[in-house]
Amino acid sequence: MFKFIISLIFSFSLTYSVTIVNRFKVPVYVSISTSIGYDENFLRLSPSDLISANKFPSMISDSKSTNSMVNRNNIGLEYGPYLFKDHETRVKLNLSRNLYQSLSKKSYNKYSLSIAQHLGPFEWLKLSYSLLPELYLREYVDKDNPVYDSSESLSDFDSSTVGELYTSSFFSTEVMRIQYSHPIPFHKSYYSLSYSKQKQYYNGEFTEFDLDINDFKVGIYLRHIPHVKISANVSKSVADNVTFQEGSVSTQTKDRGFEQSRMWASVIVDERYIPFFDELGMSTSFDKRAFSSNLITDPLHKGRSHSDRKTSLWVKKQISNKLIAKFSGSYRSRTTTSIEEFVEGLKSFNKYDFFIKFTYNSNFNIYY
Amino acid sequence: MKLIVFIILIFSVGCLKQSEPVFSEKLIYIYPTLDSVYDVELLNDTLYVANGELGIKAFKIKNDEKMVLDSIYEGRVFSEEENIIDLELSQVSGILFALDKFHYTTARYTQSLFDDAFGGMVIQSTCYNYQSKSTIFVDEVNPQILTLNRKIDQFDESNRSTSIGKTIVLNEIYYLDKDCSQEIIIGLNYGLTDLDFYNGRLYISNPNKDIPSIQVYNINEGTFSLAFEDTLSVIPNTISAYEKTYVVGLDNKAGCYIALFDINGNKVGKFDLADGFTIRHIHHSNNLLVLSTGYGGVLVYDWDGESMPTPRAMISSGYAYSALVYDNNKIIVGTKNGIEIYEI
């Protein structure tokens, strides 16, 4: 694969006068951001879970609270080697670290890499890869280890003993995406088509929930109205429970596969429409997920669906040439319907968060 | 073309690998059912199951290298509209009493389930419309059962009560007394929840219209007389009596308590257990006390029948209606979604 890339670059380099070495001698743009905020329900607990969690903190891994201050730090590097005449190439690397004050276990890192190749006016081909190595969800009972053998020191079972059955649930996720965008007959506007494959794999106690998710998305980006940006997309995901009926009892009795439809839209206006700030934006999304399980042993998923709504609002202010401040807030509400009442109570939740973020943009040029 | 191959390569390769599954193999068997398994009864190696609108099921338990349930009967007990929620098994006669949620109690020889040639009529009682609990009163060739019969006055719906009826099952014709059982105690609370007959005493849970309680009746020459009443602060869901104790399962996450008798059968003390759980069913055998707690799963205690029980295992099963012990260390659980068997 490496040889292929080199030969591709070499063949194009013959066409133009700039030497290969000089084509790579371009600045690297750096973007460093830090944000601090508050997440009112960072473990996405349902109302009934919130009551239980306050009573039995073991179900949320002895977290100090069901809400948390959050610190997000990100460093992004963008590099644009001059590979093709009149066609930009952009390579972006992002590293982020998210810290939760109430529960350090919830903190996570995320890495992403993307390569975008300009093909023509508003026409791009983009490949991206992101990896989130370990994200803590919360404590759950592992149905493959459903028996707690009492220790001699225990005088009686009570409702807190169920904490002994809880095991931390983590998952890792990897997303590979290919996206193509193309102009439409409105000034600076374009549409995009993308396909992504996501792997979502859990720790050993919960492998029965492992998923491969295929996602198809169509988006439109309207930029022809002065000072207004309108964007929207619709997507369809199909999740395959890859460990379904793989051997253990839990994989025989559960199918976490689902189909999901998503709509997302955002409107952004610039300083012409708002005083003081340079940008005002709002986005909203609606997800509808229907689980495919029809197993009678699977009350958790059989006949279950989610409606998930999220609305976000933000303002941005350019403080200096290189420093931008952003204030944002969002509200998310998920309503679960199921043939089992307890599932509705378990999987529905509401949450809001707000953040202030500072981004410092710069570049370094080691070549000239 | 090369570019396409390159793109396909990227998408077919990922870094992320699945974790090795971790499991303890303590959940050893699941038998899914379309309706809930409300009650389970065991006779030797045959398991009988009250399966709601699907009637009853019977299984031969095979416990060789791997434990499995081999279905030997499934179907209705009597009618197409039954909803079987409780079973009582007369060990001596081999008669299985199946109680319908809203209608009648029916009785069938277990042998008639597996042997069409066995014949015999199965006739239902038409006395009362709600006979959700019963207990074996006399376990003989012609067994007698006591059944709680809930009654609503047809002219005044607010006038509701429960009586305890006694039924003698006549061996020759295999039916429950068709012309109304003999009422031995009348005028009890409509919300009466359970009854158990043991060692010449009848134990009734929540019989008092005014206050949650347990009433214990002595039988003397066929007449039942109230021995004592044990008042409670929470409604009792179920009761099970033993040699020197009775165990009461409480509603509203109040756990259960065990009342102790002295040599004369007087209540002299009690233990409180399982605070935070709603108890739906109690079972005791093989020195194990098994409490079914709905969403709380199943709690298992070591218990000799008179001392304070000691916790043995907590089982996170499906919604547990009832459970029993099999082969000393296996717990068979009737759940909302079928039968689950665990090893402890």
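Residues are numbered from 1 along each chain as its sequence is written, and chains are lettered from A and ligands numbered from 1 in the order in which they are written.

The model scores ipTM 0.82 and pTM 0.81. For chain B the mean pLDDT is 85, and 89% of the residues score at least 70, pLDDT being the predictor's confidence in each residue on a scale from 0 to 100. Among the elements of chain B, the lowest mean, 63, belongs to helix α1 (residues 2-12), and the highest, 97, to strand β22 (residues 288-292). Over residues 175-179 of chain B the pLDDT stays under 50, although the model has 17 contacts for them beyond four places in sequence; a contact means that the C-beta atoms of two residues, placed from the backbone, lie within 7 Å. Where pLDDT is low, the predicted coordinates should not be read in detail.

Let me return to chain A, which has five helices and 15 strands, and whose C-alpha trace spans about 80 × 50 × 40 Å along its principal axes. Of its 368 residues, 20% count as buried, where buried requires 20 or more other C-beta atoms within 10 Å of the residue's own, exposed means 12 or fewer, and partly exposed lies in between, with C-beta atoms placed from the backbone. Among the contacts in chain A with a separation of 6 or more, 62% come from residues 24 or more positions apart.

The strand pair I opened with is β7 (residues 166-183) and β8 (residues 190-202) of chain A, antiparallel over 13 bridges. Their hairpin has six residues between the strands, and there A:K188 takes a positive phi near 60°. On from there, β8(A) is joined by eleven bridges to β9 (residues 211-222) of chain A, again in the antiparallel sense, with A:Y191 and A:I220 as bridge partners.

In chain B, one open sheet of four strands has the order β13-β14-β15-β16, with antiparallel pairing. Its edges are β13 (194-198) and β16 (223-231), each with a single partner strand, so one side of each is left without a neighbour in the sheet. Five bridges join β13(B) to β14 (residues 201-205), and B:Y198 stands opposite B:R201.

A further open sheet of four strands in chain B runs β9-β10-β11-β12, also with antiparallel pairing, and β9 (134-138) and β12 (182-188) are its edge strands. Here β9(B) pairs with β10 (residues 144-152) over four bridges, with B:I136 opposite B:I145.

As for the interface, the contact takes 42 residues from chain B and 39 residues from chain A. On the side of chain B that touches chain A, the largest share, six residues, comes from α1(B), the helix with the lowest mean pLDDT among the elements of chain B. The two chains also share strand pairing, in that β6 (residues 147-149) of chain A and β24(B) pair in the antiparallel sense over three bridges, A:Y148 having B:M314 as its bridge partner.

Last, the cores. A nonpolar core is a set of buried Ala, Val, Leu, Ile, Met, Phe, Trp, Tyr and Cys residues joined through C-beta atoms within 7 Å. Of the 90 residues in the largest one, B:V290, B:V298, B:V300 and B:I331 touch the most other members. A second, separate core of ten residues includes A:Y202, A:F206, A:L211 and A:A239.

Key: This is a predicted model: local features need pLDDT of at least 70, side-chain atom pairs count only at pLDDT 80 or more; totals for chains, interfaces and linings use all residues. Two strands pair if DSSP finds at least two bridges between them.
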